[in-house]
2 protein chains.
Amino acid sequence: MSATVAVQNSDLDFDHGTFDSAAFASKALAGWQSLAAVIDHSLLKPDATRLQVETLCSEAARYHFACVVVNPIWTAAAVRLLEGTGVPVAATIGFPLGASLVSAQRQEAAALIRLGARELGMVLPLGQLKSGNYHAVDHAIRSVAAVAHERRAALKVNLETCLLTMEEKLRASEIAIQAGADFINTATGFASGGATPADVALMRGVVGARCGVKAAGRIRNVEQVRALLEAGANRIGSSASVAILRELGAE
Amino acid sequence: MSATVAVQNSDLDFDHGTFDSAAFASKALAGWQSLAAVIDHSLLKPDATRLQVETLCSEAARYHFACVVVNPIWTAAAVRLLEGTGVPVAATIGFPLGASLVSAQRQEAAALIRLGARELGMVLPLGQLKSGNYHAVDHAIRSVAAVAHERRAALKVNLETCLLTMEEKLRASEIAIQAGADFINTATGFASGGATPADVALMRGVVGARCGVKAAGRIRNVEQVRALLEAGANRIGSSASVAILRELGAE
């Protein structure tokens with residue numbers, strides 16, 4: 001496990017290569033404060049405005065979410081807005097199709113980190129995976145991971161599981177972790193489906209405690225969050241984060 | 001009108017700054033061959049495979065579509081597959097959210113043209129538009145247009161009209177053309193709606209004969225194509241292109 005992973009997953013109850021989902025879920029769900037600490041507060045719709053980014057960041061500072069996730073054009077603004085709050089900014093690259101050139105993704109990764117992003121979210125090149133071009137999948141992830149890790153940033157790799165077969169999910173998880181992913185993520189929310197407990201359980205089963213598992217995509221309430229954490233997620237991505245915390249009593 | 005636009009829109013019946021939609025539609029719909037010449041044959045889903053790209057290109061060569069449109073990772077393959085056929089390759093950048101860094105879009109634009117792409121499709125930065133940052137919208141488009149035009153490639157700018165108000169559609173059309181768009185395009189097909197005749201008519205009304213108007217997003221049959229051409233489109237983008245031509249008798 002790289003230094004970056006250790007930092008990013010420092011709240012995990014990793015124990016000799018296994019991950020205790022039940023214990024983690026129970027701890028995370030103990031209150032809204034502990035739940036906020038495992039939620040990536042996200043705003044990725046293409047028509048998000050500057051004002052909405054400001055609201056996102058003020059909510060993140062108030063509830064102390066794990067991070068905010070924004071599209072590249074809002075990264076600099078989010079970094080400025082969150083200065084001094086301790087809440088890091090994550091930015092997407094090649095999102096949500098995962099079909100950009102590797103050279104472009106490397107360039108954007110470096111630029112985003114220069115702007116202050118501490119985490120990057122990329123999408124596994126699904127078409128390459130489905131074409132059996134596993135080397136190309138590995139190369140894409142490894143290239144961006146190298147850019148991220150050289151600059152002490154973390155990389156989350158989205159598998160867009162709703163578009164994958166069971167075998168593809170298993171293979172994607174293994175390639176992503178071998179190529180340097182600090183987290184593997186279920187879904188972008190832009191394709192036909194979102195996070196499911198079954199996908200999370202499968203992904204956690206493959207990676208064990210070797211990397212983080214993020215559940216994202218159409219997560220709207222605590223009931224869903226509970227099921228996903230119990231299935232093995234140690235991070236939740238949502239744009240309904242504040243509503244979720246309110247279910248646990250946050251004001 | 002730039003040299004590039006003149007080439008790209010050479011089949012338009014431009015006449016003293018007005019565009020005769022009825023005449024253009026009638027000519028384009030005269031047969032499947034003339035219709036193929038105004039259709040961008042597109043494959044943009046994230047899980048598109050190498051085999052599907054090969055099929056796309058062999059269909060494009062057979063029916064002689066205006067171009068093929070692919071995601072960046074398939075550009076080099078499509079260029080090789082279409083060598084000698086006269087069918088150009090168009091590639092997307094920052095697609096479909098339009099929220100990538102301008103520097104990354106410039107870099108990817110140049111890389112795609114080096115790989116052989118002759119047209120680029122970008123998405124207008126919707127969030128900047130909705131935030132009133134018109135200078136940022138202009139800058140993003142102008143920057144990519146400069147990269148394209150220096151290399152004799154054309155730029156299509158997608159407005160994702162389903163996410164815009166009437167006023168935003170008007171403003172987006174005007175900014176795009178002033179910033180150097182060779183075509184403005186209705187929709188990506190990845191948001192909540194596709195091309196509508198009303199949007200096309202509005203866009204054509206703004207741009208007149210100053211640039212092309214492409215209708216794309218959920219276009220599936222000749223009836224839709226007819227309505228969009230009659231409303232003022234001079235290019236159609238579709239992934240159902242072959243089915244559309246078959247309605248007109250192509251085999």
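**Aromatic pairs and ring-charge contacts**

Start by selecting B:Tyr63, which has 4% relative accessibility and therefore counts as buried, the cut-off for buried being under 20%. The model you have open is predicted.

The rings of B:Trp32 and B:Tyr63 form an edge-to-face aromatic pair, with 5.7 Å from centre to centre and 85° between the planes. Now show the helices of chain B. B:Trp32 belongs to helix α3 (residues 32-36) and B:Tyr63 to helix α4 (residues 50-63), so this pair ties together parts of chain B that lie 31 residues apart in sequence.

Move to chain A and select A:Tyr63. Its relative accessibility is 5%, so A:Tyr63 counts as buried.

Ring pairs link A:Phe65, A:Tyr63 and A:Trp32 into a cluster.

Next, leave the ring pairs and select A:Tyr134 with A:Arg171. Here A:Arg171 lies over the face of A:Tyr134, 4.1 Å from the ring centre.

For the last stop, return to chain B and select B:Tyr134 with B:Arg171. The face of B:Tyr134 has B:Arg171 lying over it, at 4.1 Å from the ring centre.

Definitions and conventions:
Residues numbered from 1 in each chain as written. Chains lettered and ligands numbered in written order. Predicted model: local features only at pLDDT ≥ 70, side-chain atom pairs only at ≥ 80, totals over all residues. Heavy atoms only, no water. Buried < 20%, exposed > 50% of the residue type's maximum accessible area, 1.4 Å probe, protein only. Phe/Tyr/Trp six-rings, centres within 6.5 Å; stacked < 30°, edge-to-face > 60°. Helix = DSSP H or I, 4+ residues; strand = E, 2+ residues; numbered from the N terminus. Lys NZ or Arg CZ within 6 Å of the ring centre and 35° of its normal.
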